[in-house]
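Student: I have just opened this one and have never looked at it before. Could you walk me through it slowly?

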Amino acid sequence: MTGFEDLNLSVINEFRENGGKAGGMFEGKPLVLVHHVGAKSGVQRIAPLMPYLEGDRIFIFASKGGADTNPDWFHNLVANPNTVVELGTETIPVAAHVLTGEERDDIYAKQAEALPQFAEYQSNTTRQIPVVELERNSA
């Protein structure tokens, strides 16, 4: 395992042991565990992410800390959009879809206001950071 994988596993375990909460950089912030399947490998993975929550709506951001490339989980969700997320103590089936235009801009602005590091992430890269809505499936 890489150091990054070790960190993710630590956050995932802490999240599950504490009813959907974790410390460190996630202290006092919303957290969601996004399950995704490798677009090429087929390997199942979990990404701990800081979402923007609006009512029952869940949004995640392919920021990768402002890197010039999208994170692997983004490509995986585009290829395999039907998945599950863990939010608090719930496991929720969802379908991922990428927002565009004004809706994308509006949600990103709300996230940057709630968590200012997201404004910094966008200023660190020339790519437009994708916003993904995780729509709850009724099934």
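**Strands, a helix and some charged pairs**

Tutor: Let us begin with one pair of residues in this predicted model: Glu-54 has Arg-57, in strand E4, as its bridge partner.

Student: How many bridges join E3 to E4, and which way do the two run?

Tutor: Three bridges join E3 to E4, and these two strands run antiparallel.

Student: What is the order of the strands in the open sheet?

Tutor: The sheet is open and has seven strands, which follow one another in the order E2-E1-E5-E6-E7-E4-E3 with antiparallel pairing. Its edge strands are E2 and E3 (52–54), each of which pairs on one side only. On average, neighbouring strands are turned by 35° against each other, if direction is ignored.

Student: Okay, and what does H2 touch when it packs on the sheet?

Tutor: Helix H2 touches E1, E2, E4, E5, E6 and E7 as it packs on the sheet, and the direction of H2 makes about 65° with that of E1.

Student: Which residues of H2 are buried?

Tutor: In H2, which spans residues 72–79, the buried ones are Trp-73, Phe-74, Asn-76 and Leu-77. They lie on the same side of H2, because the arc they cover around the axis is only 165°. Among the elements that cover these buried residues are strand E5 (82–87) and strand E6 (90–98).

Student: Changing topic, how many salt bridges does a search of the whole structure find?

Tutor: The search finds six salt bridges. One of the salt bridges is formed by Glu-54 with Lys-110, whose closest N and O atoms are 2.7 Å apart. Glu-54 belongs to strand E3 and Lys-110 to helix H3 (residues 101–114), so this pair ties together parts that are 56 residues apart in sequence.

Student: Is Glu-54 buried, partly exposed or exposed? And what about Lys-110?

Tutor: Glu-54 is partly exposed, at a relative accessible area of 25%, and Lys-110 also counts as partly exposed, at 27%.

Terms used: Residues are numbered from 1 along each chain as its sequence is written. This is a predicted model: local features need pLDDT of at least 70, side-chain atom pairs count only at pLDDT 80 or more; totals for chains, interfaces and linings use all residues. Side-chain values use heavy atoms; hydrogens and water are left out. Buried means under 20% relative accessible area, exposed over 50%, partly exposed in between (1.4 Å probe, protein chains only). Helices (H or I, at least four residues) and strands (E, at least two) are DSSP runs, numbered from the N terminus. The arc is that of the directions from the helix axis to the C-beta atoms. Contact means heavy atoms within 4.5 Å. Two strands pair if DSSP finds at least two bridges between them. Axes are lines fitted to C-alpha atoms, for helices over the stretch in contact, and angles run from 0 to 180 degrees between N-to-C directions. A salt bridge is a side-chain nitrogen of Lys or Arg within 4 Å of a carboxyl oxygen of Asp or Glu.
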